[in-house]
Amino acid sequence: MIGLLTKNLQGRYAFYNGFYFTNGDAIEIKLDYNHWVQTIIKHKDEDYYLRDFPNLKIEGLTARKVV
């Protein structure tokens, strides 16, 4: 499952089909044209961030679920 991440009504980052990520979930994000990096979703102060990229904005990233 691959898609763009947007924040849903519950404040979680989700794909268009409703699948969302929450604290502790493994995720792969696309950093450039064809470079995927695996990380973990973390939660702090009412928002989520990426464990290995804490300053990277999650909204709008291309991501995929780690199987």
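How many aromatic pairs does the rule on ring centres give? The count comes to three, taking rings of Phe, Tyr and Trp (its six-membered ring) as paired if their centres lie within 6.5 Å. This is a predicted model, so to speak of local features takes pLDDT of at least 70 and side-chain atom pairs count only at pLDDT 80 or more, while totals for chains, interfaces and linings use all residues. Residues are numbered from 1 along each chain as its sequence is written, and side-chain values use heavy atoms, with hydrogens and water left out.

On to the rings themselves. F15 and F19 make a stacked pair, with 6.1 Å from centre to centre and 25° between the planes; stacked stands for planes under 30 degrees apart, edge-to-face for over 60, and tilted for the rest. F19 also pairs with F21, and here the label is edge-to-face because the planes stand at 90°, with the centres 5.2 Å apart. F19, at 26%, comes out as partly exposed. The cut-offs are under 20% relative accessible area for buried and over 50% for exposed, with partly exposed in between (1.4 Å probe, protein chains only).

The charged end of R64 sits over the ring of W36, 4.0 Å from its centre. That wording requires NZ of Lys or CZ of Arg within 6 Å of the ring centre and within 35 degrees of the ring normal.

Now for the strands. An open sheet holds three of them in the order 2-3-4, with antiparallel pairing. Strands (E, at least two residues) and helices (H or I, at least four) are DSSP runs, numbered from the N terminus, and two strands pair if DSSP finds at least two bridges between them. Strand 2 and strand 4 (20-21) are the edge strands, each pairing on one side only. Strand 2 and strand 3 run antiparallel and are joined by two bridges, and K7 stands opposite Y13 in strand 3.

The loop between strand 2 (6-7) and strand 3 (13-14) contains N8. N8 is buried, at 19% relative accessibility. Leaving aside residues up to four places away in sequence, N8 touches A14 and Y20, where contact means heavy atoms within 4.5 Å.
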